[in-house]
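Here is a short note for a colleague who is opening this structure for the first time. Please read the points with the structure in view.

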Amino acid sequence: MIRLKELEINVAERLAEIDRSEQIDLIYEIQDGQMLEVAAGHECPNWNQHQIREIIERFKYELSNGGKAFGAFDKDLLVGFAVLAHKFRGKKKDQLQLDLMYVSRTYRRQGIGTQLMEKISQEARKWGAGSLYISSTETESAVNFYKSAGSELTDEIDQELFEREPKDIHMIRIL
């Protein structure tokens with residue numbers, strides 16, 4: 001049985017328990033405002049040491065600045081997590097960013113991502129946000145997950161996030 005709970009900064013090193021690997025057959029690119037499919041056909045490996053350090057530092061930064069994180073656990077094993085960033089974004093300053101979200105490979109397609117998305121959305125609503133800003137990896141699985149959760153492409157691209165991840169698919173989920 002999977003259970004969700006709020007994560008504290010002291011569990012940051014446990015993020016390495018997540019297996020982010022996946023077979024990527026298709027990615028998306030944005031060209032002239034349209035989302036185009038591009039064949040990929042490669043295996044994305046699990047995090048290397050540099051990548052997991054970056055994820056851990058992002059996690060710690062958000063939590064130490066007022067962000068929130070939730071984890072999904074199978075007994076004591078962390079199998080998924082999501083981080084709500086602390087900073088309001090958008091022209092109206094009514095958007096909060098879903099900063100990080102991962103579910104381990106063998107636990108995908110079991111509703112864990114949906115549970116994490118709902119928990120993050122509830123928290124964002126409590127803070128007064130009108131929407132979640134999602135800078136999604138360009139993979140078919142990630143983009144289709146966010147679309148199935150009610151997200152859509154946004155016309156209002158956050159320049160800071162775009163510069164950080166220019167290949168990402170920028171989406172918005174109305175809360």
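1. Is Asn144 buried, partly exposed or exposed? Asn144 is partly exposed, because its relative accessible area is 31% (buried is under 20%, exposed is over 50%, partly exposed is in between, with a 1.4 Å probe and protein chains only). Asn144 sits in helix α3. Helices (H or I, at least four residues) and strands (E, at least two) are DSSP runs, numbered from the N terminus. Asn144 and Gln23 are 121 residues apart in sequence and 15 Å apart in space, C-alpha to C-alpha.

2. On the basis of the note: this is a predicted model, where local features need pLDDT of at least 70, side-chain atom pairs count only at pLDDT 80 or more, and totals for chains, interfaces and linings use all residues. Residues are numbered from 1 along each chain as its sequence is written, and side-chain values use heavy atoms, with hydrogens and water left out.

3. The sheet is open and has 7 strands. Their order is β1-β4-β5-β6-β7-β9-β8, with mixed pairing. Two strands pair if DSSP finds at least two bridges between them. β1 (2-6) and β8 (152-153) each have a single partner strand, so one side of each is left without a neighbour in the sheet.

4. β4 and β5 pair in the antiparallel sense over 7 bridges. Phe73 has Leu78 in β5 as its bridge partner, and Phe70 has Ala82 in β5. The hairpin leaves 2 residues between the strands. Lys75 lies in that loop, with phi near 55°, a positive value in a residue other than glycine. Lys75 is exposed, at 68% relative accessible area.

5. β5 and β6 also form a hairpin, with 5 residues between them. Their pairing is antiparallel, over 7 bridges. Arg89 is bridged to Gln95 in β6. In the turn, Gly90 has a positive phi of about 90°.

6. Another positive phi belongs to Asp32, near 50°, and Asp32 is not glycine. Asp32 is placed in the loop between β2 and β3. Asp32 counts as exposed, at 82% relative accessibility.

7. α2 lies across β1, β4, β5, β6, β7 and β9. α2 runs at about 155° to β6; axes are lines fitted to C-alpha atoms, for helices over the stretch in contact, and angles run from 0 to 180 degrees between N-to-C directions.

8. Now the interior. A nonpolar core is a set of buried Ala, Val, Leu, Ile, Met, Phe, Trp, Tyr and Cys residues joined through side-chain atoms within 4.5 Å. The largest has 26 residues, of which Leu98, Met117 and Tyr146 touch the most other members. The largest share of this core, 5 residues, is from α2. Leaving out residues up to four places away in sequence, Met117 touches Leu98, Met101, Leu132, Ile134, Phe145, Tyr146, Ala149 and Arg173 (contact means heavy atoms within 4.5 Å). Apart from this core lies another, of 16 residues, including Ile18, Ile55, Leu63 and Val83.

9. Last, the largest pocket. On a 1 Å grid over the protein atoms alone, a pocket is an open set of points where a 1.4 Å probe fits, with protein on both sides within 12 Å along at least five of seven lines; lining residues have an atom within 4 Å of a point. The pocket has 49 lining residues, and Glu22, Tyr102, Thr137, Thr139 and Ala142 lie nearest its centre.
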